[in-house]
Amino acid sequence: MGHLAMMIILLLMIALIAACYKIYKMNTLFDSYRSGVDLSELKRAKEIVESSEKRYKNILSVMPEGVILYGADHKKIALNENAYKMFNLDSETFHEKLNILEPNFPFVDTKGNPLALEDYPVAITLKTGESITGRVIGITSTGKTRWLSINTKLLEPMDSRDVPQVLVTMTDITEQKEAEIKLREAYALMSTIIDIIPIGIIVINNNRKIVAVNRPFLELGRIKEPIESLIGQPAVNYYSPFYKNSKEEREKVKSILANNIPFVDEVEMLNNRLIQRSYFPFYMDKELKGHLWAFEDITERKAMETGILSAKEDAVKANKAKSAFLANMSHELRTPLNAILGFSQLLELQETLTEKQRTFVKEILKGGRHLLNLLNEVLDLSRIESGILKLSFENIKIANVIDECINFVRPTAELKGITITKKRNECENVFVCADQMRLRQILLNLLDNAIKYNRENGEIIISSENDGDFLTIHVRDIGIGIPPEAQMEIFEPFYRLENPYIEGTGIGLSLVKQLTILMGGKLGVESQIGVGSDFWISIPRVQSKKADNPVSLEMNQMTLPEHKEFTILYIEDQLSNQLLVAEILKNVQGIKLLTARSGTEGLRAAANQKIDLILLDMHLPDMNGEEVYERLKSNSKWTDIPVIALSANAMKEDIDRTLAMGLKEYITKPFDVPAFLKVIEKNLR
């Protein structure tokens, strides 16, 4: 309650007391002149005073404050009904039993502690004569506290028969006090929350004064003062000095505050720490109320990011170096392998070989093909690890692929007396979505392992079963089995079971795992020592009635139109490869082979003769194959000549790039002779 309201009430009280006193005096005079004296004027005056008293009482009754007079003799007068409400008492209890100066009266201070008798506002005013304004106390009753704002004023006695009285006005501020308590609780909670955030936070008002700050901010700025002492202080005194470039940052902060737009940047501190600084203006009812700054120490994170980037760059460099090494190794190994396998295939066709010589040729082919398979598997694994292996998905009738793979490995199985049994089960007319070449590679690897780790005269059983949206294919053998501890590692690269009598690289099953996962499938193994192993893969099924691109492993012999001559130019610097191709084509009717050992020599040969087909090595001593092809296509005379790349480069990116230039085919060395002849036939028709 304000001073003005207190003054008004005080004046009303004084007027009321004066009126009461006048009535008392008039009643006395009225009694003394009652016998035979005309008292009409006196009576009229009494009526006026009573009317004034009634008016003052009406005014007090409509006031929201509770008003009482409390005398030094502990007599009390409630001047309006609100006085009873403030104490939550009826009038009888208030007048007869209440003594607000008793030490057991349930007054409490703002912290909820019992109020000492000497601290009662009435007691203080009676003792010292001092007025009290806006003193907040609580009255606790039935577990609840009613909060009052108390004003007191000492009224001196009007004559010697009276005692001093205290005029007390009381305003119920319970709702305000409870809201204030909730606000303090919310502020305490907010302070606790921002204190546990590991980011320095400071909030300033529009006058750039601090209204909130947390401990991490003090630690960040090495500020020793308590938080309480910072509240209300200019913020610039605390967040500018610890910047490395204090003057520059001070101007930048002014610019940020002027724009009132969220902002994030990084700044250096004096102690060489790197800080991420974030600014956020905050509004209430679209009115700007203040500014929040957040400071996060990102020194370690930046150092870690830098280390990660450096490690990533090193990894990229290492990966490129590995790819370059593999590409070079592949090229260098494939070049001599092409001659070894090519001439061995030609020797194998010779009818004049003795049985011993034929055995030697088969061993050469076996060793060369094993080396080629190892090389291909290493390259495939490298492509998968680098994420550059691309798959071509199509609808495949799985029974056809299984049949082709069985036919392919059957000769090897028969050498050990192993029987391959196919149980059609549910796979006869089932189609799967997969890369046909890679699916065949998976099955051939599983069959090859089932043969290698089987027993003499053993058995391999292939079966399948529908498993929801997947088709599960089992390849079981009755071989040596896999120890339990090895079953979790068998699919890791280069892991091999300890068996000196079985050849292998430890790459095949790793490729099976990677390729199956890339095709959206699953795989696993169940095995018992001495009983055998069951390797299974699950591939997504599709609803289809035909295969997209049925492909067979079989290769037909080369047939060309009769009575027609074709000239083939082979540009190749390796003499052994020239001799191999010449030997392959020498008995094919209607083909004339020209050779050149450099790009320049090849272009000269193409200019001097009519050429029907060009076989082009991509690594030549004077220029690479791409340059030769570009020169060929730049001349309209050579535009229609089909060009086939014949290279030891087997990296997919090299193949894709070369074919994208417009070359008709890309044959990788070492090549299969029947397949090579098939490509030649295709491009000469």
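These legends go with close-up views of a predicted model.

**View 1. The whole chain, before we zoom in.** The protein chain has 685 residues, and 43% of them count as buried. Its secondary structure comes to 20 helices and 23 strands. Take the contacts with a separation of 6 or more: 61% of them are between residues 24 or more positions apart.

**View 2. Helix H16 meets helix H20.** Here we look at H16 (residues 575–585) and H20 (residues 673–684), whose axes are 11 Å apart and cross at an angle of about 75°. That angle makes H16 roughly perpendicular to H20, because anything from 65 to 115 degrees goes by that name. On the H16 side you'll find Val581, Ile584 and Leu585, and they meet Val673, Phe676 and Leu677 of H20.

View 3. The model has five aromatic pairs, and here is one of them: Phe107 with Tyr120, ring centres 4.9 Å apart. Their planes sit at 85°, so the pair is edge-to-face, since the label applies to planes over 60 degrees apart. Phe107 belongs to strand S3 (residues 107–108), while Tyr120 is in the loop between S3 and helix H5 (121–128), 13 residues away. Are these two buried or exposed? Phe107 has 7% relative accessibility, so it counts as buried. Tyr120 is buried too, with a relative accessible area of 1%. Both values fall under the 20% cut-off for being buried.

**View 4. Phe217 and Phe295, a tilted pair.** These two rings are 5.6 Å apart, centre to centre, with 55° between their planes, and the pair is tilted. Phe217 comes from helix H7 (residues 215–220) and Phe295 from strand S11 (residues 287–297), so the pair ties together parts of the chain that are 78 residues apart in sequence. Both Phe217 and Phe295 are buried.

**View 5. Lysines over rings.** Which ring does Lys177 lie over? Look for Trp147: Lys177 lies over its face, at 5.3 Å from the ring centre. Elsewhere, the ring to find is that of Phe470, with the charged end of Lys522 sitting over it, 4.7 Å from the centre.

Notes. Residues are numbered from 1 along each chain as its sequence is written. This is a predicted model: local features need pLDDT of at least 70, side-chain atom pairs count only at pLDDT 80 or more; totals for chains, interfaces and linings use all residues. Side-chain values use heavy atoms; hydrogens and water are left out. Axes are lines fitted to C-alpha atoms, for helices over the stretch in contact, and angles run from 0 to 180 degrees between N-to-C directions. Helices (H or I, at least four residues) and strands (E, at least two) are DSSP runs, numbered from the N terminus. Angles under 35 degrees count as roughly parallel, over 145 as roughly antiparallel, 65 to 115 as roughly perpendicular and the rest as oblique. Contact means heavy atoms within 4.5 Å. Rings of Phe, Tyr and Trp (its six-membered ring) pair if their centres lie within 6.5 Å; planes under 30 degrees apart count as stacked, over 60 as edge-to-face and the rest as tilted. Buried means under 20% relative accessible area, exposed over 50%, partly exposed in between (1.4 Å probe, protein chains only). A charge sits over a ring if NZ of Lys or CZ of Arg is within 6 Å of the ring centre and within 35 degrees of the ring normal.
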